[in-house]
Each structure stands twice: as structure tokens, then as C-alpha cells.
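Trainee: Before we look at any particular residue, could you take me through how such a model is read, one feature at a time?

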Amino acid sequence: MNLAFFRETWYGEILFVLGIIVISLAVSQIVVFLFDRVLTALTRRTSTTLDDLLIHALERPIFLLVFVFGLFIALTAVEFLNPYQEIINNVLVAAELSLVVYGANRVVGALATWYGTEVAPQTDS
């Protein structure tokens with residue numbers, strides 16, 4: 001297949017970006033699937049629900065982090081966006097940092113849920 005078409009025209013570059021975005025979505029789904037399957041298998045033998053809550057809490061942030069990284073690759077791979085690369089880089093770094101904060105927030109929520117359902121009922125107060 002001749003990939004020069006994707007570099008010669010602006011619509012070829014848009015098709016290239018869309019292809020990378022579709023691949024990023026697929027890779028994100030695969031990463032989350034593997035994350036869920038592997039960690040669920042490893043934590044199946046534990047008596048606490050904390051690990052299950054943490055796995056569930058991190059699925060969406062991991063999906064979004066992988067997807068945004070793919071979006072970053074897509075938007076930096078095309079030439080017609082070169083004048084805007086600094087803006088694109090800043091926006092995507094801010095998005096990645098926001099997703100890390102989002103993931104941390106979900107982890108704290110999972111910890112609070114676990115504490116409220118498993119630890120707090122066992123205390124006297």
C-alpha cells in the first residue's frame with residue numbers, strides 16, 4: 001500500500017488522523033479489557049472488595065489516558081497542524097493531567113466506598 005497519498009493531500013492527512021483515532025479507540029478497549037481480566041484474576045482470591053473497587057475505578061481513566069495519548073500521536077503526525085503544535089501539546093498535556101486527577105479522584109471514591117461498607121460497620125463509633 002502506498003502511504004504517500006496520506007502525506008500529499010490535506011484530506012489524506014485527515015483520513016490518516018481518523019485512522020489513528022480509530023486505532024486508539026481499539027487499543028484503549030484492548031488495554032482496559034486486559035487490565036480488567038488480568039487484575040480480576042489476580043485479585044479473585046482476596047477476601048476484601050477494595051481491589052475490585054479500585055479496578056473498576058481505574059478502568060475509565062485508563063481508557064481515556066490511552067485514547068488521549070493516541071489522539072496526541074494523531075494530531076502531531078500531520079503537517080497541516082504544525083503551526084498549532086505548541087497549542088495542541090499544551091492542551092493534550094492538560095488533558096492527560098486532568099485524567100490523572102480524575103483517576104485519583106475515582107481511587108479516593110473507591111477507598112471511601114470500601115471504608116464505608118467494610119471497615120466502618122466493624123467499628124464501635
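Mentor: Helices (H or I, at least four residues) and strands (E, at least two) are DSSP runs, numbered from the N terminus. Here, Trp 10 belongs to helix H2, residues 10–43, and Thr 76 to helix H3, residues 50–76. This is a predicted model, in which local features need pLDDT of at least 70 and side-chain atom pairs count only at pLDDT 80 or more, while totals for chains, interfaces and linings use all residues. Residues are numbered from 1 along each chain as its sequence is written, and side-chain values use heavy atoms, with hydrogens and water left out.

Trainee: Why does Thr 76 count as partly exposed?

Mentor: Buried means under 20% relative accessible area, exposed over 50%, and partly exposed in between, with a 1.4 Å probe and protein chains only. Thr 76 counts as partly exposed because its relative accessibility is 31%, whereas Trp 10, at 58%, counts as exposed.

Trainee: Which residues is Thr 76 in contact with, leaving aside neighbours within four places in sequence?

Mentor: Contact means heavy atoms within 4.5 Å; on that basis Thr 76 is in contact with Gln 85 and Asn 89.

Trainee: How many residues has the largest nonpolar core?

Mentor: A nonpolar core is a set of buried Ala, Val, Leu, Ile, Met, Phe, Trp, Tyr and Cys residues joined through side-chain atoms within 4.5 Å. The largest has 11 residues, including Val 17, Phe 67, Ala 74 and Leu 99, and the elements giving two or more residues to this core are H2, H3 and helix H4 (85–119). Within the chain, Ala 74 touches Val 17, Ile 20 and Ile 21, not counting residues up to four places away in sequence.
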